[in-house]
Amino acid sequence: MKKAFITGITGQDGSYLAELLLAKGYAVHGLVRRASAYNRSRIDHLRTDENVGSGRLVLHYGELNDVTSFHRLLHKIEPAEIYHLAGQSHVGLSFELPEVTCLENGMATLHLLESMRELDTSTRLYLAQSSEIFGAPEGEDPQDETTPVAPRNPYGCAKVFSMQLGKVYRESHGLFVCNGIAFNHESPRRGENFVTRKISMGAARIAAGDEAVIELGNLDGRRDWGYAPEYVEAMWRMLQQDRADDFVLATGRTHTVREFAAAAFAAVGVPVDFQGQGVEEVARRRDNGAIVLRVSPRYFRPVDAVSLRGNPAKAKAELGWKAQTQGADLAALMVEAERG
Ligand code: NDP
Ligand code: GDR
């Protein structure tokens, strides 16, 4: 039985990846951290007697910044494949938490690569990189594997550090390291403070009759939003290649936050009109004029990428991977899931 180790197994991507690998017959080992409140709801359905009893799903307490225990764990598990997904993943919060963001998204990669040098050299590593490495790439649309990096927030800086280290260890130490430069991917398991999930949860509540108002920041943010379960398939495919390489994972199409919100409201039968500008902007229900969405200065970032759009041509050509779900379909899928 092939052994995979997933850091970040309790997160959105980690949970879908664990599902995929279990379905493929892997033994899946996951890093979980101690928390005062229960943090495993995304993988509860996988913790069956069969999976746990047969050793096909094993959870290990750990913490990226506890370097010695992390190192010990890797040597104990000796995985064939490592999917390194853990870390502080909120771009906006990285302005408030720059140090922990850089430790978890940057230095933790270095510790992992150093540990790997002592492991069996056939171990393969996937590193979860991000479109945020490109910053605000004017004139470079869409972005691909050759687009220059120019991050504009601490999160993006840490991911650049991690990505470049991955390349260096691949080239200088011969490690099998793949960087997946993923653009936004969403799902009903998305964290509740990311914009698509805020919108889908809010739209479902409003459709159910709650007098809720969704408060958002920059409605002009334009992102390339795909569907997370499709992206974890690409992560796995990367590690099955003969040669380690870097790939952009994206749909190639973008929408603004405003468009995503309009699609979510339309999907629950509450069409809205946007009125006003900047922090005065609101969305009103078309049927009774009630405000259902409001812009709040609280959610603006010091700097925000205007538009990020990926070119997934290399992933299509070499991995045979193509994103299927995006735009209004993604919004509809997410609000439907909220409605149960
Ligand atoms: P989530 O925020 O949903 O999950 C993050 C995971 O990391 C959780 O399991 C979390 O544990 C764990 N984690 C965070 N800090 C630590 C730590 N110090 N020690 C151990 N575990 C830790 O992220 P996603 O699943 O959305 O993303 C996965 C990775 O991909 C991240 O690195 C993210 O930056 C990157 N990425 C994501 C994209 C997306 O659109 N989703 C796009 C591009 C890159 P806990 O549950 O305990 O909090
Ligand atoms: P992003 O996703 O920063 O692209 O990072 P997020 O959903 O946080 O923001 C997308 C866009 O929406 C705007 N926005 C808001 N964002 C949040 N979170 N909350 C709001 O209320 C809000 N209102 C408007 C943002 O300004 C931005 O323009 C995600 C994460 O998964 C990263 O880990 C990953 O690397 C990148 O995607 C690719």
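Analyst: A polar contact is a pair of N or O atoms within 3.5 Å; within protein, one must be able to donate a hydrogen and the other to accept it, and residues adjacent in sequence count only if both atoms are side-chain atoms. This is a predicted model, where local features need pLDDT of at least 70, side-chain atom pairs count only at pLDDT 80 or more, and totals for chains, interfaces and linings use all residues. Residues are numbered from 1 along each chain as its sequence is written, chains are lettered from A and ligands numbered from 1 in the order written, and side-chain values use heavy atoms, leaving out hydrogens and water.

User: What makes the pair between Glu104 and ligand 1 a polar contact?

Analyst: A polar side-chain atom of Glu104 sits 2.9 Å from a nitrogen atom of ligand 1. That is inside the cut-off, so the pair counts.

User: Which backbone atoms make polar contacts with ligand 1?

Analyst: A backbone N or O atom of Gln12 lies 3.0 Å from an oxygen atom of ligand 1. A polar backbone atom of Leu64 is 3.1 Å from a nitrogen atom of ligand 1.

User: How many residues are around ligand 1, and which come nearest?

Analyst: There are 25 residues around ligand 1, where near means a heavy atom within 4 Å. Thr10, Glu63, Ser89, Tyr155 and His185 come nearest.

User: What is around ligand 2, and which backbone atoms contact it?

Analyst: Ligand 2 has 23 residues around it; Ser89, Ser130, Tyr155, Arg301 and Asp304 come nearest. A polar backbone atom of Ser89 is 2.6 Å from an oxygen atom of ligand 2. Val195 places a backbone N or O atom 2.9 Å from an oxygen atom of ligand 2. For Gly217, a backbone N or O atom is 2.8 Å from a nitrogen atom of ligand 2.

User: Why is helix 8 called oblique to helix 10?

Analyst: Helices (H or I, at least four residues) and strands (E, at least two) are DSSP runs, numbered from the N terminus. The axes of helix 8 (residues 257-267) and helix 10 (residues 327-339) come within 8 Å and cross at roughly 50°. That makes helix 8 oblique to helix 10: angles under 35 degrees are roughly parallel, over 145 roughly antiparallel, 65 to 115 roughly perpendicular, and the rest oblique. The crossing is right-handed.

User: What makes up the contact of helix 8 with helix 10?

Analyst: Contact means heavy atoms within 4.5 Å. Helix 8 gives Phe260, Ala263, Ala264 and Ala267; helix 10 gives residues including Leu330, Met334, Val335 and Arg339. The contact divides into 10 nonpolar, 1 polar and 1 charged. Ala, Val, Leu, Ile, Met, Phe, Trp, Tyr, Cys and Pro count as nonpolar, Asp, Glu, Lys and Arg as charged, and the others, Gly among them, as polar.

User: What makes helix 6 and helix 10 oblique?

Analyst: Helix 6 (residues 195-207) packs on helix 10 at about 55°, with the axes 8 Å apart. Helix 6 and helix 10 are therefore oblique to each other. Among the contact residues are Arg197 and Met201 of helix 6, with Met334, Val335, Glu338 and Arg339 of helix 10.

User: How do you know how helix 3 lies against helix 4?

Analyst: The axes of helix 3 and helix 4 (residues 98-118) come within 10 Å and cross at roughly 40°. The two are therefore oblique. Val67, Phe70, His71, Leu74 and His75 in helix 3 meet His111, Leu112, Ser115 and Glu118 in helix 4. These divide into 4 nonpolar, 4 polar and 1 charged.

User: What stands out in the backbone at Pro142 and Glu78?

Analyst: Most residues other than glycine have a negative phi, and most peptide bonds are trans. A cis peptide bond joins Asp141 and Pro142, with omega about 0°. Pro142 lies in the loop between strand 5 (124-130) and helix 5 (154-173). Glu78 is not a glycine, yet has a positive phi of about 50°. Glu78 lies in the loop between helix 3 (67-77) and strand 4 (81-84).

Conventions: Axes are lines fitted to C-alpha atoms, for helices over the stretch in contact, and angles run from 0 to 180 degrees between N-to-C directions. A crossing is left-handed if the near helix is turned anticlockwise from the far one by less than a right angle, and right-handed if clockwise.
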